[in-house]
Amino acid sequence: MSNAMYNKMWHQTQEALGALLDKEPQKMIEPQRNQVFIFQTLATFYIKYVQIFRNLENVYDQFVHPQKRILIRKVLDGVMGRILELKNEMVELELTEFHYFDDILQDLKLAPQQLDIPIPKYFLKEKLEVIKGREKILAQILADGGIDTSDMKYPVKSIPFDEAVKLIQIAERARQGRLRALFMKQIYLQEYRAKQSKMLGKKVTDTWAAALRIQKVWRRFHQCKETEKLREEEMIFLGMNPPPLFNEVSATVIQAEKVDRLRNEVQIKHEEDYREALVTIKNDLKLIEGLDIKENLQDQIRHWFIECRNLTGTFPEYPDIEEGGSAIIFSNKTIQQVIEDVIANQEEEEKNEKKKKKKKEKQPKNTKKQKKGTKEKNKEEDEKWKMSPSLFLPAMKEGCNAYKEIWMKKDESWNFSQDYDPELIKEEKRKEVESEIRIQVDELMRQELENLKLAVDRERERPMKAGKKKDKKKGKKGKKKEKKAKKDKDLTADRTIESLYKELVEEGLLIPALKVNLSDYIGSAAVHEKAPLVKSLLLAGPSGVGKKMLVHAICTETGANLFNLSSSNIAGKYPGKSGLQMMLHAVFKVARQLQPSVVWIEDTEKTFYKKVPNSEKMNEPKRLKKHLPQILKLLKPDDRILIVGTTRRPFDAELQSFCKVYQKIILVPRPDYASRYVLWKQIIERNGGVLTSALNVSCLAKVTDGFTQGHIVEVVKGVLTDQRIRRQIHKPLTAVEFITAITSMNPVYKEEEESFKNWYAKTPLGKKRALAITRGSTEKAKDKGKRKEKKEKKAKKKK
């Protein structure tokens with residue numbers, strides 16, 4: 001796509017966003033009671049914002065104009081925030097993490113794929129060098145310490161030298177035996193053919209009969225091939241089989257990827273040119289316009305002094321540096337407007353004094369009755385639902401206004417290469433230069449104002465008292481800061497982040513994340529959409545559903561560090577209370593410094609055990625139980641740190657403390673039929689398998705109901721050995737091979753699935769949902785009863 005096409009996409013997306021921002025405030029004001037209507041409005045806004053997000057993310061990734069990208073990034077962040085807000089509204093309304101959008105998608109004429117939220121590419125692009133450098137350092141520390149990550153995953157037992165030699169000898173002798181057997185087979189076949197020729201003698205065979213036989217064999221073979229080809233063409237025509245080069249990458253796609261790479265290079269160059277221009281243009285403005293700006297500011301402030309003196313009889317108080325200086329008074333205002341503000345302030349002060357006197361004279365009576373009336377009104381208002389105010393709408397509106405003012409009708413015929421616009425930089429930098437010069441001018445004009453007061457008014461100033469008051473206030477603030485400093489004491493103030501990073505890696509608390517993309521995570525898409533929403537997240541589900549894989553995928557997609565604070569991993573490390581405090585301090589200090597970070601607690605139910613088993617008492621699995629809630633309180637909104645817990649036995653934990661730590665709990669279910677069908681196909685292909693008509697994938701998906709992703713991966717890897725992959729040409733894969741391998745495994749039985757559902761019903765969100773369902777059923781019963789009574793009354797009247 002060319003720059004013009006991306007410009008067109010941006011303009012269309014901005015128009016759609018503007019229309020959506022105009023509609024949304026109307027819906028926020030209107031209170032509603034119908035839950036279905038409320039959900040439809042929320043879901044419609046959510047889907048439309050997702051479409052806008054997808055387009056903006058694509059435009060931001062491919063635009064090369066640096067100033068446009070700054071504006072798009074601002075709007076993009078606002079849209080992302082609004083999507084999360086709407087998602088939260090839907091969760092609170094329906095009291096479930098999973099929502100049904102099919103009807104709305106059908107109304108909007110959208111495909112289900114268009115509802116997927118892509119991971120923004122700039123998450124990794126903007127800090128690619130930092131991530132690569134961190135990976136190199138991590139690998140170097142592991143290599144220097146003799147810690148091999150492959151050994152950690154798949155432990156291999158070392159064997160003595162003599163046994164290794166014996167194994168090599170056995171393998172070599174077997175190879176030689178196979179070669180000898182093949183050679184002997186060839187000799188035997190030669191001797192057999194010689195015997196056959198002697199027995200037949202010099203008997204002449206009929207050449208016509210031989211030719212006829214060859215023709216029959218050839219025609220049969222040729223016809224079979226033609227029939228197969230015709231059948232394949234028919235299946236493709238009916239849409240039951242994909243076309244021949246369906247999975248191969250076309251030349252146009254390769255060319256498009258090449259253009260994308262070139263565009264990224266241009267993007268980087270334009271960004272560098274823009275940063276250089278910011279410095280050079282600012283310096284040029286200082287030299288050329290600096291003196292004029294200084295003189296204009298001085299004249300403006302002097303005029304203000306004189307006008308205030310004429311109107312009020314005294315010179316005004318000059319604002320302090322902390323308050324902002326003269327910028328507070330003259331920000332986007334003319335001198336006449338400033339004078340008008342001074343007069344208005346005087347009038348307001350007089351009015352306020354009069355009002356205070358009137359209030360003291362009049363005292364309200366019958367307050368209790370008023371309170372009762374207001375309470376009843378509030379109850380009625382609470383029953384109606386209103387959309388909560390958004391924190392991101394103002395930012396999006398600002399972005400839309402900036403787009404309309406600057407870019408909507410801007411002529412860019414001169415800027416074919418989409419480089420930076422120097423005039424826009426001048427406008428921005430002129431303000432910065434003015435603010436810098438204003439600081440200097442304020443110092444001069446304060447002195448000038450003091451001289452004027454001494455010369456004209458002959459008034460004695462009282463700076464000492466004001467200074468003392470300020471000092472007292474500062475003293476109080478200083479004490480508060482000292483108290484905070486004592487609470488947030490840095491235990492490792494004398495150590496560098498690099499040394500702490502190295503220590504955590506050597507202790508096995510900071511581990512390398514596996515290279516897993518969210519596109520590799522096959523299953524419910526609604527699970528990984530919600531991963532980065534809150535400070536703490538719990539993934540609960542049976543073993544093999546992909547909980548660990550999802551944790552690694554979060555780290556890969558966001559470029560996050562992975563800290564492992566599982567009870568089994570921290571057992572025996574940093575002993576004692578002081579040691580534990582030091583460990584947590586070091587982990588979260590490094591996590592904050594190198595954010596984004598993910599703190600993973602595997603088998604997190606052990607940290608909140610109801611009763612610790614005797615076999616695990618030595619490991620002290622409940623070490624973090626008291627500290628985790630405190631850590632969550634210390635995490636600020638700006639900290640991009642996510643605590644993720646994974647558990648396959650959540651019912652072994654104390655529910656109250658468990659739910660306090662984990663703000664969001666997601667139940668990861670076993671895969672359904674559709675997911676299993678996709679799983680079988682993709683995992684077989686990824687492991688070198690070829691899908692043919694002989695392999696009934698639908699049958700496999702149906703038979704393996706109850707089995708998880710982990711089971712399917714294990715079976716496929718077990719069946720598709722190197723030898724079996726080579727033999728596929730002569731013997732295609734069949735469903736029986738996989739079914740026989742999976743029979744030895746235990747599926748997720750209904751009892752286990754029910755236990756997860758029962759446990760989830762006891763969580764805060766599960767309880768709310770259960771209450772809502774029971775209330776809804778009772779209300780329906782009451783409505784039915786009222787209707788019956790009305791019908792009976794009508795019938796009696798008729799009689």
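Is Arg 134 buried or exposed in this structure?

1. **What you are looking at.** This is a predicted model, in which local features need pLDDT of at least 70 and side-chain atom pairs count only at pLDDT 80 or more, while totals for chains, interfaces and linings use all residues. Residues are numbered from 1 along each chain as its sequence is written, and side-chain values use heavy atoms, with hydrogens and water left out.

2. **Arg 134.** Arg 134 is buried, at a relative accessible area of 13%; buried means under 20% relative accessible area, exposed over 50%, and partly exposed in between, with a 1.4 Å probe and protein chains only. You will find Arg 134 in helix H6 (residues 128-144). Helices (H or I, at least four residues) are DSSP runs, numbered from the N terminus. The C-alpha atom of Arg 134 is 9.2 Å from that of Asn 561, although the two residues are 427 apart along the chain.

3. Helix H19 (residues 547-558) holds Glu 557. This residue is buried, with a relative accessible area of 15%. Between the C-alpha atoms of Glu 557 and Ile 119 there are 7.1 Å, with 438 residues separating the pair along the chain.

4. Side chains of opposite charge can pair when their charged atoms come close. The structure holds 26 salt bridges, each being a side-chain nitrogen of Lys or Arg within 4 Å of a carboxyl oxygen of Asp or Glu. One of them joins Glu 172 to Arg 175, with 2.7 Å between the closest N and O atoms. Both residues belong to helix H8 (residues 161-200) and sit three residues apart, about one turn of the helix. Glu 172 is partly exposed at 31% relative accessible area, and Arg 175 is partly exposed at 39%.

5. **Bridging H15 and H10.** A salt bridge also links Glu 436 and Lys 286, whose closest N and O atoms are 3.2 Å apart. Glu 436 is in helix H15 (residues 422-457) and Lys 286 is in helix H10 (residues 251-312), so this pair ties together parts that are 150 residues apart in sequence. Glu 436 has a relative accessible area of 31% and is partly exposed; Lys 286, at 41%, is partly exposed.

6. Glu 448 and Arg 302 meet through their side chains in a salt bridge, at 2.8 Å from N to O. Glu 448 lies in H15 and Arg 302 in H10, so the pair ties together parts 146 residues apart in sequence. Glu 448 counts as partly exposed at 24% relative accessibility, and Arg 302 counts as partly exposed at 30%. Shared partners also join salt bridges into one network, made of Lys 282, Lys 286, Lys 429, Glu 432 and Glu 436.

7. **A nonpolar surface patch.** Have a look at Tyr 188, Leu 189 and Tyr 192, which form a nonpolar patch on the surface with about 320 Å² of accessible area together. Such patches are made of residues with over 30% relative accessible area and no salt bridge, nonpolar side chains (Val, Leu, Ile, Met, Phe, Trp, Tyr) being joined within 5 Å and like charges within 9 Å. Accessible areas come from the Shrake-Rupley method with a 1.4 Å probe, and for residues only the protein chains shown count as cover. Tyr 188 is in helix H8 and is exposed, at 53% relative accessible area.

8. **Two positive phi values.** Most residues other than glycine have a negative phi. Leu 95 has a positive phi, near 55°, and lies in the loop between H3 and helix H4 (102-107). Lys 109 also has a positive phi, near 60°, and its place is in the loop between H4 and helix H5 (122-125). Leu 95 counts as buried at 14% relative accessibility, whereas Lys 109 counts as exposed at 76%.
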